[in-house]
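The sequence and coordinates come first.

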Amino acid sequence: MGWLNGTTIAMILFAIGTTALIIRRDLVIKLLALGLINSSGILFLISIRFRPQMVAPILPVAPGVPIADPLPQALVLSAIVINFAILALSLVFVMLLVERYHSTDCERIEHAVESERETLGNQRPLDSSRTSQPRRDPR
Amino acid sequence: MILPLLPLSHVFLGLTAIAWKASARATLIAALIIDTVLLGVALSPAGHWLSEASVGGWVDAIGIRLALDSLARDLLLLTVLLELAVVIYIWRRHVLPTFVILLQFLIGSVMALVLSQDLFNIYVILELLTLVSFLLVAYDRQTLQIWASLKYLILASAGMSIFLLGVAVVYANVGSLGFAAIGQAVLADPQAGWIPLAAALLVAGVSVKAGILTFSLWLPDAHSTAPAAISALLSGLVIKMGVVVLIRLAAIFPLGLVLQILGAITGIGGAIYAMSSRDLKQMLAFHTLSQIGYLLIGMSAATHDAANGVLAYALAHGSFKALLFLAAGTVHDTTGSTDIDHMIHARHQIPLRTRAALLLGTLAIMGLPPFDGYIAKAPLLAAAHGWANQIILLLFGIGTAASFWKLLPLFRGPYRRVGEDSAWQSYVILALPIVLFLPIERALFGTAFSLPVMNGFIAVESLGVVGIGWLVYRIHRRIQARPPMSLFRLETATVAILVGFAAIYALLKFA
């Protein structure tokens, strides 16, 4: 099972994530797939300089023991925080979409958005102070 | 240690605005003053001593290095220019403190990005830019905006994961993330097996943010639905950040052919979609794609003059595209729509100053002398070697002219004074570089560089391009062909990113 290391698992996760992102129509599942893709990047970054028998780079370390490279582990912390922020924000926006369309189905949202664009293009209200004002949906 | 202050001051001012909401507007003024002073010091001959900094004082191999090179100077100038214009534009409008805070973070991260000299720092800041522009695009919470920005977030985040994989491959083989160290490693062994994979991952990842077809299929929706001030910043400035990273990568990896092919696809594809677009903001968004094509072709030439041409064109494009987007915002406010037919029909309701701004922007983007579009394109045309590049650049010009000819009826009479455009000062700010581009360019890049402007052949050529553009416009109007819009769906865009990555990898590996 020597091939089953962090790098190959990261590749598999990335493949699963992208496949799900492309073929699944549910927006929530798409976001989970995105989380999977992002996690695969993190796993890849951590495991790429790791060899078996290395110990975590936390002092004190016994002399002569090979230490894992600490820099990727420091980098990964920022990546994890960023991915958390992206997932949280996008879920909020999915909630806004669900409030308006009562669906998380991508095709249906896309159709609804298209028809909204059509009607907006034909008859847009004359309203001169809207550029930077937030519009909250009354629902 | 003045250099980190440039981005950090925006973060502090943003935090001030969070803590003390009433001060939000004042922080915009403070930011402008700080930026102008710091940029003035940095651009002056006395500013050489602050051209480099290492944040936190770590050694270069693992520290965060910032450097103020010609690329950073050029884009910082553009940043401050657009910041000024946008602040004036939103000044008389009702703006919530949150908007100001996000604006501060956006400009701060742009400044941090142009100064960054290592790959992981760039990854973090690109993600920060994604998050902030995601919130700003959907600022009005209209459904179109929410869907556009959600698509943007998903695609940009997937792209950044690909970029992170590239960062990991580089780190595994070089052991450092600074550009200087990577460049040395590539020079030492140009045939190493990791180079095509790392370059393909990094280029594919950053292309998602750089407005390059077929990677940035989120762009037309996001840039056309965002509030006008934000569209101006996104199209004029934020999209250049991906290009900045590409310029830095092109200095390390052998990307000439890849950039040429991506540039051709981006420029011609963007122009074709722009020609058949019937909405002003959407057309401008497609034209962001086609103008990125110019930058890529210039980068692929890899000569000193071409590199300066790219910088000059980035500056020029930022100014006229921001002017067009801001004016489009006023058109939307006064006529209630940015639909081109509706706009032309209701042209008597649009304030004269707005129409003048649209005219100036149109002339500049078409590349007519003596405006900055022409002055910046001339060195690119002169530096592009080989017939392939020349033909590609001619096609870009024709496509641009053809799509902007349809705005022509907008500038016919009647010229009655209607309404006031509260934002005309910001048009003046942006019109200054459009009209006075030659002295700016000479100051930034030296006098020898701007010689092609005087070349009579190039001047005649650009007039001819605009003429052929008119013919193409007439023919296209007769045919009424429309390219498919289903290309811009989430699934298609994801597949396009993966296919694009595979194509870049194959090109780098086997060509």
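A residue counts as buried if 20 or more other C-beta atoms lie within 10 Å of its own, as exposed if 12 or fewer do, and as partly exposed in between. The model discussed here is predicted.

**Loop residues**

Ala302(B) has 16 other C-beta atoms within 10 Å and is therefore partly exposed. Ala302(B) sits in the loop between helix H12 (280-301) and helix H13 (304-335) of chain B. Its C-alpha lies 9.9 Å from that of Ile247(B), while the two residues are 55 residues apart in sequence.

Most residues other than glycine have a negative phi, and most peptide bonds are trans.

A cis peptide bond, with omega about 0°, is found between Leu213(B) and Thr214(B). Thr214(B) belongs to the loop that runs between helix H8 (194-207) and helix H9 (219-225) of chain B.

**Chain B as a whole**

Chain B contains 21 helices and two strands. Its C-alpha trace spans about 65 × 55 × 50 Å along the principal axes. A compact globule of 511 residues would have a radius of gyration near 24 Å, and the 22 Å of chain B agrees with this. Of the 511 residues in chain B, 60% are buried. Among contacts in chain B between residues at least 6 apart in sequence, those that join residues at least 24 apart make up 81%.

**The nonpolar core**

The largest nonpolar core has 224 residues, and the members that touch the most others are Val203(B), Leu323(B) and Leu326(B). The element that gives the most to this core is helix H6 (residues 143-174) of chain B, with 21 residues.

Which residues is Leu326(B) in contact with, leaving aside its neighbours within four places in sequence? The partners are Ala85(B), Tyr89(B), Ala228(B), Ala229(B), Ala232(B), Ala423(B), Ser426(B) and Tyr427(B).

**Helix H20 of chain B**

Helix H20 (residues 456-479) of chain B has 24 residues. The distance from its first C-alpha to its last is 35 Å, close to the 34 Å expected at 1.5 Å a residue. Buried residues in H20(B) are Ile458(B), Ser462(B), Val465(B), Val466(B) and Gly469(B). The cover over the buried residues of H20(B) includes helix H15 (352-366), helix H16 (372-383) and helix H17 (387-404) of chain B. After H20(B) comes Gln480(B), with a positive phi near 60°.

**Contact between the chains**

On the chain A side, 45 residues are in contact with 48 residues of chain B. Helix H1 (6-23), helix H2 (27-47), helix H3 (70-101) and helix H4 (106-122) of chain A each supply at least two residues of the side that touches chain B. H3(A) gives the most to that side, with 14 residues. By type, the residues of the side of chain A that touches chain B divide into 24 nonpolar, 11 polar and 10 charged.

Notes: Residues are numbered from 1 along each chain as its sequence is written. Chains are lettered from A and ligands numbered from 1 in the order in which they are written. This is a predicted model: local features need pLDDT of at least 70, side-chain atom pairs count only at pLDDT 80 or more; totals for chains, interfaces and linings use all residues. A nonpolar core is a set of buried Ala, Val, Leu, Ile, Met, Phe, Trp, Tyr and Cys residues joined through C-beta atoms within 7 Å. Helices (H or I, at least four residues) and strands (E, at least two) are DSSP runs, numbered from the N terminus. Two residues are in contact if their C-beta atoms, placed from the backbone, lie within 7 Å. Ala, Val, Leu, Ile, Met, Phe, Trp, Tyr, Cys and Pro count as nonpolar, Asp, Glu, Lys and Arg as charged, and the others, Gly among them, as polar. The expected span of a helix is 1.5 Å times one less than its number of residues. The radius of gyration is taken over C-alpha atoms; the globule rule is 2.2 Å times the number of residues to the power 0.38.
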